[in-house]
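Subject: Structure handover

Hello,

Here is the structure for your files. My notes on it follow below.

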Amino acid sequence: MTEMSYLDGNMLDGPLRELFAVDLSAATGRCASCGATGPMADLRVYAHAPGLVGRCPSCTEVMVRLVRAPDRAWLDLRGVTYLQVPLPTAQPFPRPV
């Protein structure tokens, strides 16, 4: 059995920084509960808790939770099977060396 080479998680810093620097309201998400897809801007967001809760407009299950503190944030995407983020085409995805 041959060992596959890998990079440590620091390699994700650049690509993830690029993703989270865009407007995520235009991103398309798929509900883990009912399978409905649509823009994140269509979620029903409730702000009556310590954070924000985004619910699916089709089945009302929780898709996204965001809680902020002065020095950090918690983002829970367990209710989303994927998040498709539109990116500008000017920069190609960086490839590891």
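**What was found**

L87 counts as partly exposed, because its relative accessibility is 37% and the partly exposed class lies between buried (under 20% relative accessible area) and exposed (over 50%), with a 1.4 Å probe and protein chains only. L87 sits in the segment after β7 (80-84).

Some ground rules before the rest. This is a predicted model, in which local features need pLDDT of at least 70 and side-chain atom pairs count only at pLDDT 80 or more, while totals for chains, interfaces and linings use all residues. Residues are numbered from 1 along each chain as its sequence is written, and side-chain values use heavy atoms, with hydrogens and water left out.

**Overall layout**

The chain has 1 helix and 7 strands, where helices (H or I, at least four residues) and strands (E, at least two) are DSSP runs numbered from the N terminus. Along the sequence the order is α-β-β-β-β-β-β-β. Of the 97 residues, 18% count as buried.

**Salt bridges**

The whole structure holds 4 salt bridges, a salt bridge being a side-chain nitrogen of Lys or Arg within 4 Å of a carboxyl oxygen of Asp or Glu. One of them joins D76 to R65, with the closest N and O atoms 2.8 Å apart. This pair links distant parts of the chain, since D76 is in strand β6 and R65 in strand β5, 11 residues apart. D76 is buried because its relative accessible area is 15%, whereas R65, at 34%, is partly exposed.

D76 also meets R78 in a salt bridge, at 2.6 Å from N to O. R78 has a relative accessible area of 66% and is therefore exposed.

Another salt bridge is formed by the side chains of D71 and R72 (2.9 Å, N to O). Here D71 is exposed, at 57% relative accessibility, and R72 is partly exposed, at 48%.

**Largest pocket**

The largest pocket has a volume of about 370 Å³. A pocket here is an open set of points on a 1 Å grid over the protein atoms alone, where a 1.4 Å probe fits, with protein on both sides within 12 Å along at least five of seven lines; lining residues have an atom within 4 Å of a point. The volume is the space filled by probe spheres set on the points, which are joined across faces, edges and corners.

There are 15 lining residues, and the closest to the pocket centre are L24, M40, V64, L66 and L75. The elements that give two or more residues to this lining are β4 (52-55) and β5 (62-69). β4 gives the most, with 3 residues. By type, the lining has 13 nonpolar residues, 2 polar and no charged (nonpolar: Ala, Val, Leu, Ile, Met, Phe, Trp, Tyr, Cys and Pro; charged: Asp, Glu, Lys and Arg; polar: the others, Gly among them).

**Nonpolar surface patch**

L75, in strand β6 (residues 72-76), is partly exposed because its relative accessibility is 45%. Together with L12, L16, F20 and L77, L75 makes a nonpolar surface patch of about 440 Å². Patch residues have over 30% relative accessible area and no salt bridge, with nonpolar side chains (Val, Leu, Ile, Met, Phe, Trp, Tyr) joined within 5 Å; areas come from the Shrake-Rupley method with a 1.4 Å probe, and for residues only the protein chains shown count as cover.

Regards

Conventions:
Patch = residues over 30% accessible without salt bridge, like charges linked within 9 Å, V, L, I, M, F, W, Y side chains within 5 Å.
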